[in-house]
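Student: I have some labels here and would like to know what stands behind each of them. Can we take them one at a time?

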Amino acid sequence: MNQLITKKLSDLIKNIPGLTLSGSLERTVTGLTPDSRKAEPGSIFVAIKGTARDGHEFIGQVIASGVRVIVCGEIPATVTGDVTFLRAADPALVMGQLASGFYDNPSAGMKLTGVTGTNGKTSVATFLFQLFRGLGYRCGLISTVQNQIEDEIIPATHTTPDAPELNLLLYEMKRKGCSHVFMEVSSHAVVQKRIAGLTFAGAIFTNITHDHLDFHKTFDNYIKAKKSFFDGLDAGAFALINIDDRRGSIMVQNTRADVHTYSLQTMASFKGKILSDTLEGMNMSINDYEIWFRIIGRFNAYNLLAAYGAALLLGEHPEEVLIGLSNIKSPSGRFEQLHSEDKVVGIIDYAHTPDALR
């Protein structure tokens, strides 16, 4: 992906509060990065304290390489010369805000849906990507397996790229006409502020189990990381949660988004029931419909419900969504499922079916 963008530093920071400035703002910016190896003249270097290394250790090195704008938590006492420092309480947060501004806030120009949870993120994001492409939209996908702009595959290095890479990817998706983007949002990405500055149309919570405690240290921290994603949603967004996970309701306690639920076990906005599950496929009822899917397994029943609910919340028609979902396959690289290539899809509309036939 090539980008030939330049911005004035004074324009980039004018809507970012809490910065302490030292040096000239009359700088031309050609990029930004938290990686000292990628820092070059024209780019902003963001010094972030990571789990292994502290970016502040590399400030002298990037200045020697020609960098003249640095975002940091602490301004080094020994540095001299023509360098602009932007001191911030949270450099990672500021990096997200700068990255979004540098790429003209690309997420606000598309319907960006984030999927978080321990399991099911890849499946739900990929199901939605396949579904909306089938519905005729140009779409982007950001997932563990791969990033994709329509048919163009871009290798993935993290579940969620860092903020500059992520906004560049979104910028390319917008430039190439994508109207919808479906994205996995890891707990690491939330804590590390990789999604700072993004505008989400909606967010989906799949489930949570005791995982990633090597990073979060405690299960409570892990839950808080997931929850903070929903805390940051705008009032115009939707939040769709798996209410069968007892921690699902915790995710939306403080959200401003419009809350909806999905379930296989209890009443919900989007209620499903597995009618049959064989090697050939799975038959389910979802709200007032009965539908056959190529994909099997109870875990996929949840994933399909999440995709169905999100699609309706994004404005699509139930029957068109169900027909589209009935034709999708499991994400490649995750697991293989047996399915029938020639199954004729039929939908029973319970709302308009005589009681004797329900």
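Tutor: Start with residue classes: Ala, Val, Leu, Ile, Met, Phe, Trp, Tyr, Cys and Pro count as nonpolar, Asp, Glu, Lys and Arg as charged, and the others, Gly among them, as polar. In this predicted model, the lining of the second largest pocket has 5 nonpolar, 5 polar and 5 charged residues.

Student: Which residues lie closest to the centre of the second largest pocket?

Tutor: The pocket holds about 310 Å³ of space. Of its 15 lining residues, the closest to the centre are Leu-32, Thr-33, Lys-38, Tyr-103 and Pro-164. Strand S4 (31–33) and helix H5 (163–175) each supply at least two residues of this lining.

Student: What makes up the lining of the largest pocket, by class?

Tutor: There are 15 nonpolar, 8 polar and 11 charged residues. The space in the largest pocket is about 1,000 Å³. Of the 34 residues that line the largest pocket, the closest to its centre are Pro-34, Ile-48, Lys-49, Gly-50 and Arg-53. Helix H3 gives the most to this lining, with 3 residues.

Student: Why do Phe-229 and Phe-230 count as buried?

Tutor: Buried means under 20% relative accessible area. Phe-229 has 4%, so it is buried. Phe-230 has 0%, so it counts as buried. Both are in helix H8, where the buried residues also include Tyr-222 and Ile-223.

Student: How many aromatic pairs does the rule give?

Tutor: The count comes to 8. One of the pairs is Phe-132 with Phe-182, tilted, at 5.2 Å centre to centre and 45° between the planes. Phe-132 lies in helix H4 (residues 121–134) and Phe-182 in strand S12 (residues 180–184), so this pair ties together parts 50 residues apart in sequence. Phe-132 and Phe-182 are buried.

Student: How do you know that the charged end of Lys-7 sits over the ring of Phe-102?

Tutor: The distance must be within 6 Å of the ring centre, and the charge within 35 degrees of the ring normal. The charged end of Lys-7 is 5.9 Å from the centre of the Phe-102 ring and is counted as sitting over it. Phe-102 also belongs to a cluster with Tyr-103 and Tyr-171, linked by ring pairs.

Technical notes
Residues numbered from 1 in each chain as written. Predicted model: local features only at pLDDT ≥ 70, side-chain atom pairs only at ≥ 80, totals over all residues. Heavy atoms only, no water. Buried < 20%, exposed > 50% of the residue type's maximum accessible area, 1.4 Å probe, protein only. Helix = DSSP H or I, 4+ residues; strand = E, 2+ residues; numbered from the N terminus. Phe/Tyr/Trp six-rings, centres within 6.5 Å; stacked < 30°, edge-to-face > 60°. 1 Å grid on protein atoms, 1.4 Å probe; cavity = no way out; pocket = protein on both sides within 12 Å on 5 of 7 lines; lining within 4 Å. Points joined across faces, edges and corners; volume = space filled by probe spheres on them.
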